[in-house]
Amino acid sequence: MTSKTNYNAIDFVKFLSAILLVCAHTASERVSLPPVLDLCCSLYIITVPFFFIASAFLFFKKLNTQAQEEQKQSYKRYSSRIWTMYLVWSLIYFCFILIGWIKDGCSLSDVAKYFHHAVVFSTYPTIWFLPALWVGVTLVYVCRYRWEWSNKNILLVSLLFYLVGSICYSYHSLTPITETIHQVYTSVFVTWRNGLFNAFVYAALGYLIAVEGCVDKIKSSIG
């Protein structure tokens, strides 16, 4: 019988990150905090990348010890768990959306927009993390365990997608070309914050930590 490894430090940081995330959203949308506290809440920006990395690490740490056929079954169970959570939360949040439609009225355009976003992005802004995580982990899984890419190539390709997504998400207004690309892309896929351009590289980092371990040199680790 294989003993289960507990990663208490990861669980602790997850707990703190979740609190920080809630505080940051509350501060930005509901309350006004003193500048120092507001600045501290800005640290929440690291929480989503951490969740991506930690989730990928835990998945690939287990996967890397299994035989090929068992790996396929683990991936199927993992996918089923992610999409089950996404479906449950989507149904919960849809109750609020439906109440809003009944209260304020809605058009066919509103309904079509909702289902379009559900397909290409998320059913609700707060749970975009789940489909993005699945896409990121799936890309790493396919690249490594199906196509047998090297770890270096996975990291380089995922980093390339991340750079493209970062430029087009945050700096698309710098040039007419990037602005045009941004407008065309978002008219279909809504946002660059998704599994391909955002989660892929963090899933790759989680995978690398799981299979190669932490690097010894602090400078390399920071890099």
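**Pockets and aromatic pairs in the predicted model**

The lining of the largest pocket draws at least two residues from each of helix 1 (8-29), helix 3 (47-63), helix 4 (68-104), helix 6 (129-146), helix 7 (151-170) and helix 9 (195-212). Helices here are DSSP runs (H or I, at least four residues), numbered from the N terminus. The model is predicted, so local features need pLDDT of at least 70 and side-chain atom pairs count only at pLDDT 80 or more, while totals for chains, interfaces and linings use all residues. Residues are numbered from 1 along each chain as its sequence is written, and side-chain values use heavy atoms, with hydrogens and water left out.

A pocket is an open set of points on a 1 Å grid over the protein atoms alone, where a 1.4 Å probe fits, with protein on both sides within 12 Å along at least five of seven lines; lining residues have an atom within 4 Å of a point. Helix 1 contributes the most, 7 residues. By class, this lining holds 25 nonpolar, 9 polar and 4 charged residues, where Ala, Val, Leu, Ile, Met, Phe, Trp, Tyr, Cys and Pro count as nonpolar, Asp, Glu, Lys and Arg as charged, and the others, Gly among them, as polar.

For the second largest pocket, the volume is about 720 Å³. Of its 20 lining residues, Lys4, Thr5, Leu58, Lys61 and Lys62 lie nearest the centre. Helix 4 provides the largest share of this lining, 5 residues, and the classes divide into 5 nonpolar, 7 polar and 8 charged.

Turning to the rings, the whole structure contains 29 aromatic pairs (Phe, Tyr or Trp rings, the six-membered one for Trp, with centres within 6.5 Å; planes under 30 degrees apart are stacked, over 60 edge-to-face, the rest tilted). Phe52 and Trp128 are edge-to-face, because their ring centres lie 6.0 Å apart with the planes at 70°. This pair joins helix 3, which holds Phe52, to the loop between helix 5 (108-120) and helix 6, which holds Trp128, 76 residues apart. Phe52 is buried (under 20% relative accessible area; exposed is over 50%, partly exposed in between, with a 1.4 Å probe and protein chains only) at 1%, and Trp128 is buried at 9%. Phe161 and Phe197 also pair edge-to-face, at 5.8 Å and 65°. Phe161 is partly exposed at 28%, whereas Phe197 is buried at 10%.

Conventions
Grid points are joined across faces, edges and corners, and a volume is the space filled by probe spheres set on the points.
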